[in-house]
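Let's take a walk through a protein model together. Have a look at the picture and get your bearings before reading on.

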Amino acid sequence: MAAESGEKWILTVTAQTPTNIAVIKYWGKRDEDLILPINDSISVTLDPDHLCTTTSVAVSPAFSHDRMWLNGKEVSLSGGRFQNCLRELRSRASDFEDEKKGIKITKKDWEKLNVHIVSYNNFPTAAGLASSAAGLACLVFSLAKLMNVKEDHSKLSAIARQGSGSACRSLYGGFVKWIMGKEENGSDSIAVQLADEKHWDDLVIIIAVVSSRQKETSSTSGMRDTVETSALIKHRAQEVVPKRIVEMEEAIQKRDFPSFARLACSDSNQFHAVCLDTLPPIFYMNDTSHKIISCVEKWNRHEGSPQVAYTFDAGPNAVLISHNRKAATLLLQRLLYYFPPQSDTDLDSYVIGDKTILKDAGIHELKDIEALAPPPETKENTSTQRHKGDVSYFICTRPGRGPIVLTDESRSLINPETGFPK
């Protein structure tokens, strides 16, 4: 296992993986253990510069058992989902040799060696921003690199899927389709890239983080309840989604924003309708979510063609996709008009990510937000109420690339001497 059997070597890999937001939603499983969905889904990968998971993994003969730390806290790896991923990866591991360090690991050794996993999300966990997708995709991607797994991304996506369904879509950048598959063993339930992030690089994405608190109903239990109790979900999965998948693929290939926006908004609304049709009903959106929808719908109608698409996952946070930079600038002005920060808020922490859009919008300090005029689509005789403090903060981003290995060892989250978190 090592040149010197007594040597307590440590081998590490660090990777960064993006999150993704579904524009045709995944909701409902036909197999709970293998995480096989009842319909195909399509997502946009978000720029990892603004939203990502960084994971460092280490292996050493000195480790007594598998351990994991997420955002500074140790979490249990005993859950079936983690175990499924670890088992699948170990079974696919290959021989590894680092002559410089005198480390040699055979395929059989991987079965006995334990790993340490240290993971960090640069955005709220379990608040409806697909943190589990980025997290599990990063875990699978980094361990696959560590264990010298020779599978391509599509095969790795089938492993990531067993950790968190939407994780399979985070193994690619750009626009990604998760094929539901037909096989009982899930071998054909994989992710494929429809187009890379450069294909439609006009798009600009603004996320309104309405709440970064953990949601009351987890996606796992919510889906289970929906499949068991909703009559609408069957119609959605069998009749509606298959047609929308075809139309959305075409809209992406043609960069047809009006069709893209119509499909994304309709599918988001239908997903939340299905949640309301569940017993007991599931409320992921809140009043602020509804106000954001109203703001976008009014503006789109006023312009006569969609400027912005909205989509909400299992949480109240709005993901708003603008067809170009100019539309994103006008959108940010509207959002800041309706949802200004509390007066003691630092502008720098209220709009994060790509801050250049803030400059384009003419916002340099808080008083610029106070001075914003009501949007022209607001009728003169209606009240233009401002909802100070209803949004926690905004993230400005764009479609982004898939996972990468970080070769700069200073970015590792693991101390190379101890194998524990830094």
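First, a word on naming: helices (H or I, at least four residues) and strands (E, at least two) are DSSP runs, numbered from the N terminus. Arg236, for instance, sits in helix H6 (residues 232-254). This is a predicted model, where local features need pLDDT of at least 70 and side-chain atom pairs count only at pLDDT 80 or more, while totals for chains, interfaces and linings use all residues. Residues are numbered from 1 along each chain as its sequence is written, and side-chain values use heavy atoms, with hydrogens and water left out.

Back to Arg236: is it buried or exposed? Buried means under 20% relative accessible area, exposed means over 50%, and partly exposed is in between (1.4 Å probe, protein chains only). Arg236 has a relative accessible area of 1%, so it counts as buried. Contact means heavy atoms within 4.5 Å. Setting aside residues up to four places away in sequence, Arg236 touches Lys25, Val241, Pro242, Arg244, Asp267, Gln270 and Val274.

Another arginine, Arg67, belongs to strand E7 (residues 67-70). Leaving out residues up to four places away in sequence, its contacts include Glu74, Leu77 and Phe420. Arg67 and Phe420 are 353 residues apart in sequence, yet 9.5 Å apart in space, C-alpha to C-alpha.

Now zoom out. The protein is divided into domain 1 (11-197 + 404-411) and domain 2 (204-397), with bounds that come from an automatic or database domain assignment. Their C-alpha centres lie 28 Å apart, and the contact takes 30 residues from domain 1 and 49 residues from domain 2.

What about the inside? A nonpolar core is a set of buried Ala, Val, Leu, Ile, Met, Phe, Trp, Tyr and Cys residues joined through side-chain atoms within 4.5 Å. The largest one has 69 residues, and Phe175, Met248 and Phe394 are among those with the most contacts inside it. Helix H9 (residues 325-338) gives the largest share of this core, 8 residues. Apart from it lies another core of 35 residues, among them Leu77 and Ala160.

On a 1 Å grid over the protein atoms alone, a cavity is a set of points where a 1.4 Å probe fits but cannot get out, and a pocket is an open set with protein on both sides within 12 Å along at least five of seven lines; lining residues have an atom within 4 Å of a point. Grid points are joined across faces, edges and corners, and a volume is the space filled by probe spheres set on the points. The largest cavity holds about 60 Å³, and its lining includes Pro340, Leu366 and Lys388. The second largest pocket holds about 420 Å³. It is lined by 21 residues, with Thr12 and Glu409 among those nearest its centre.

Most residues other than glycine have a negative phi, and most peptide bonds are trans.

| Residue | Phi | Relative accessible area |
|---|---|---|
| Ile35 | near 55 degrees | 0%, buried |
| Asn148 | about 60 degrees | 23%, partly exposed |

The peptide bond from Leu279 to Pro280 is cis, with omega near -15 degrees. Pro280 lies in the loop between helix H7 (257-276) and helix H8 (287-303).
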